[in-house]
Amino acid sequence: MPNKLLLLLLICCNCSGSRSQVVYGDNKAAGHYLATRGIRLYYETYGQGTPLLMLHINGGSINIFSNQIPYFSKHYRVIAVDSRAHGKTVDARDSLTFEMMADDFNALLDSLHLDSCYVVGWSDGGISGLLLALRHPEKVKKLVVSGPNLWPDTTGLDPFIFHWLEAMVDSMRRLPPTPRTRNDLKIVELDLKEPHMTLEQLHAIRCPTLVMGGDHDAIPSYHLWQISRNIPKSYLWLVPGSGHFVAVYKKDYFNTVVSDFLQTPYIKIEGMGMLH
């Protein structure tokens with residue numbers, strides 16, 4: 001069934017090896033809803049300190065950061081969000097865009113009276129993170145994006161993955177149009193239709209940015225390099241022997257590298273510094 005294919009992402013998350021008794025994404029003690037922009041946006045908060053917004057992958061939820069929330073909440077105020085039409089954030093309407101999601105997150109930060117925060121976005125969450133930095137630049141102090149893409153074709157996504165998504169959508173369109181199947185179709189189609197950013201647009205991102213992904217990511221390494229090269233203050237980290245799920249299967253590397261990036265001032269490496 002196509003629904004089962006869609007849930008593979010969640011299965012990978014749940015097999016991430018986290019042994020915590022806390023069920024991230026379904027924790028009443030940490031959960032909150034914000035009524036905003038026609039939806040009830042669900043989010044959970046953990047820890048104290050500088051706010052750190054976590055934005056998940058397509059088809060996922062807060063739970064996919066089960067390896068990151070306990071690590072970063074020791075030093076940050078982690079704000080993990082179920083994106084529009086995902087997890088506990090229900091959106092029955094047909095339309096869905098990354099711009100809508102980015103504006104949802106901006107509204108959440110406004111509701112929490114936060115003028116800025118760190119942002120960690122994975123896959124679709126990374127796309128939303130880039131758009132948040134473009135549409136609401138004052139809100140993003142530092143940005144980490146793992147496996148984002150700028151456009152929806154076989155150069156922004158690996159051809160195998162792109163055609164696999166096309167086949168999944170074709171199958172899902174033949175299913176009975178229940179609320180669940182309509183929502184599943186909407187979020188899978190999102191990655192076939194969007195985003196539509198240009199390399200030139202990235203020049204406007206002023207916050208220090210870490211672009212990352214696996215060296216065998218669903219997002220081609222050259223595309224990740226293009227993204228990094230066009231953000232003025234950026235680093236690029238390609239993880240050897242990894243695909244799209246760096247935050248799960250290389251969680252210790254992921255957490256350490258992201259933590260170092262957030263704690264260390266950005267330094268532009270140029271001139272003779274390139275030989276160091």
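Two strands pair if DSSP finds at least two bridges between them; strands (E, at least two residues) and helices (H or I, at least four) are DSSP runs numbered from the N terminus. The model is predicted, so local features need pLDDT of at least 70 and side-chain atom pairs count only at pLDDT 80 or more, while totals for chains, interfaces and linings use all residues. Residues are numbered from 1 along each chain as its sequence is written, and side-chain values use heavy atoms, without hydrogens and water.

Start at strand β3, residues 50–55. It pairs with β4 (residues 76–81) in the parallel sense over six bridges, and T50 has Y76 as its bridge partner in β4. With strand β5 (residues 117–122), β3 pairs in the parallel sense over four bridges; here M54 has V120 as its bridge partner. Five of the six residues of β3 are buried, where buried means under 20% relative accessible area, exposed over 50% and partly exposed in between (1.4 Å probe, protein chains only).

Next come the aromatic rings. Rings of Phe, Tyr and Trp (its six-membered ring) pair if their centres lie within 6.5 Å; planes under 30 degrees apart count as stacked, over 60 as edge-to-face and the rest as tilted. The whole structure holds 11 aromatic pairs. In one of them, F65 and W122 have ring centres 6.2 Å apart and planes at 65°, so this pair is edge-to-face. F65 lies in the loop between β3 and α3 (69–72) and W122 in strand β5, so the pair ties together parts 57 residues apart in sequence.
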